[in-house]
Amino acid sequence: MSTSESKTIAVIGSGLIGRSWAMVFASGGYSVKIYDNQPGQAAKAIVEISKQLKELEDAHMLRGELAATQQLALISSYEDLSQALEGAFFVQECVFEQLEIKQSVFQEIEQVVGKDVILSSSTSCLVPSSVFSKVQNKSRCLVSHPVNPPYYVKLVELVPHPQTTATIMDTTHALMTKVGQVPVCLKREIDGFAINRVQAAIIAESWRLVQDGVISVKDIDLVMSEGLGMRYAFIGPMETMHLNAPEGLEDYMKRYGEGIMRVLTSFGPVPNFFDEGAGSIIKEMCELIPNNEQHLSARKERRDQLLMHLSKLKKDK
Ligand SMILES: NC(=O)c1ccc[n+]([C@@H]2O[C@H](COP(=O)([O-])OP(=O)(O)OC[C@H]3O[C@@H](n4cnc5c(N)ncnc54)[C@H](O)[C@@H]3O)[C@@H](O)[C@H]2O)c1
Ligand SMILES: *[C@@H]1O[C@H](CO)[C@@H](O)[C@H](O)[C@H]1NC(C)=O
């Protein structure tokens, strides 16, 4: 079988994100070969995936057309890197978030795979030009950055290396769409990509407002969860503005643009997340939700349940 016709994907690293990718790709009918350099780890991942697929099927939340047992049958585990890579047309790397580890993993991978195989990294914080600096042919390399948990939050940021070809971006975009993710393409690499830059802006102003004594921790979270977030689950900031003035975005800016610019110039500097003021914000948060295992896992459980319902709602919309 030539690699261009291959329906096999190699997932390198079988932690939280590797397991999620394996489930997402299998839901789209792809064969998935999982590799982990920790002995027994990839096999353990399959046991965990099997459990999760059954739970998802019971909850009627399984993705794709295939039954849980059929999806499970598409996933296999390997303790040998070259065996895992054999026949794959796409490699999704999900190892620890450490630059040197990723660089050497991709160096190893490149020595084994054919020249048309796409090399994709799950990195959250490292730019492609760093991750792929030791790869010879960078034209087939990109970052495909998922959001946790990828099974319910479908956004994937596709970030090119300066040398990545348009074909590689297009093929990856098509693959992600086919398996039910929602890919977005960055036109060039930038620290934080898009999602973490927008998130940092929200964190910064929320933090400043609490630190400056304008609002409580509890209430700034409500500003998002009961206010902005209600719309943002379905329409982004651009469409929100476009719909919020009778004649669309241009009209919106005529009405509100100056006010937004005035507010923006009143934003403070980058907040200090480590000083005394930070300590009191952290204390206020911990009074709402104590930072012990019991309370945190209960809230995480609630978050994941709600995300599951929301993803159902978005599917039906
Ligand atoms: N956890 C998240 O919320 C999240 C979200 C988006 C992206 N990511 C990114 O995904 C990647 C994986 O994160 P994770 O949370 O799954 O980590 P994790 O620690 O749960 O899993 C990492 C796995 O990689 C394996 N591994 C380490 N070195 C390896 C090597 N040289 N070869 C093969 N396997 C190796 C480990 O044994 C482990 O099983 C990171 O780059 C992370 O930044 C994580
Ligand atoms: C580099 O990768 C591209 C994209 O996969 C491929 O078409 C090309 O032949 C490769 N070049 C070399 C020298 O291997």
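How much space lies in the second largest pocket? In this predicted model, the second largest pocket holds about 700 Å³ of space. A pocket is an open set of points on a 1 Å grid over the protein atoms alone, with protein on both sides within 12 Å along at least five of seven lines, and its lining residues have an atom within 4 Å of a point. Grid points are joined across faces, edges and corners, and a volume is the space filled by probe spheres set on the points. Of the 20 residues that line the second largest pocket, Gln52, Glu55, Pro149, Tyr152 and Asp304 are the closest to its centre. The elements that give two or more residues to this lining are α1 (16–27), α2 and α13 (293–316), and α13 gives the most, with six residues. Helices (H or I, at least four residues) and strands (E, at least two) are DSSP runs, numbered from the N terminus. By class, the lining of the second largest pocket has eight nonpolar, four polar and eight charged residues; Ala, Val, Leu, Ile, Met, Phe, Trp, Tyr, Cys and Pro count as nonpolar, Asp, Glu, Lys and Arg as charged, and the others, Gly among them, as polar. At least three lining residues come from each of domain 1 (8–185) and domain 2 (195–234 + 272–316), with domain bounds taken from an automatic or database domain assignment.

Residues are numbered from 1 along each chain as its sequence is written, while chains are lettered from A and ligands numbered from 1 in the order in which they are written. Local features need pLDDT of at least 70, side-chain atom pairs count only at pLDDT 80 or more, totals for chains, interfaces and linings use all residues, and side-chain values use heavy atoms, with hydrogens and water left out.

A search of the whole structure finds two cavities of 30 Å³ or more, a cavity being a set of points where a 1.4 Å probe fits but cannot get out. The largest cavity contains about 60 Å³ of space and is lined by Met61, Arg63, Tyr151, Tyr152, Lys154, Ser311, Lys312 and Lys315. Three of these residues are nonpolar, one is polar and four are charged. The lining of the largest cavity also draws at least three residues from each of domain 1 and domain 2. In the second largest cavity, about 40 Å³ of space is lined by Ser50, Leu53, Lys54, Ala68, Thr69 and Leu72. Helices α2 (41–58) and α3 (68–73) are the elements that give two or more residues to this lining, which divides into three nonpolar, two polar and one charged.

Strand β6 (residues 141–146) is largely enclosed by the rest of the structure, because six of its six residues are buried. Buried means under 20% relative accessible area, exposed over 50%, and partly exposed in between (1.4 Å probe, protein chains only). In a regular strand the side chains alternate between the two faces of the sheet. Accordingly, Cys141, Val143 and His145 lie on one side of β6 and Leu142, Ser144 and Pro146 on the other, all buried. Two strands are taken to pair if DSSP finds at least two bridges between them. Strand β5 (residues 118–121) runs parallel to β6 and is joined to β6 by three bridges, with serine 121 having valine 143 as its bridge partner. On β5, Ile118 and Ser120 point one way and Leu119 and Ser121 the other way, and all are buried. Four bridges join β5 to the parallel strand β4 (residues 88–93), where glutamine 92 is partnered by serine 120. Strand β7 (residues 155–160) pairs with β6 in the antiparallel sense over five bridges, and leucine 142 stands opposite proline 160.

The peptide bond from asparagine 148 to proline 149 is cis, with omega near -5°, and proline 149 lies in the loop between β6 and β7. Histidine 60, in the loop between α2 and α3, has a positive phi of about 55° although it is not a glycine; histidine 60 is exposed, at 67% relative accessibility. Phenylalanine 193 likewise has a positive phi, near 50°, and is found in the loop between β8 (182–185) and α8 (195–211). Phenylalanine 193 is buried, with a relative accessible area of 1%.
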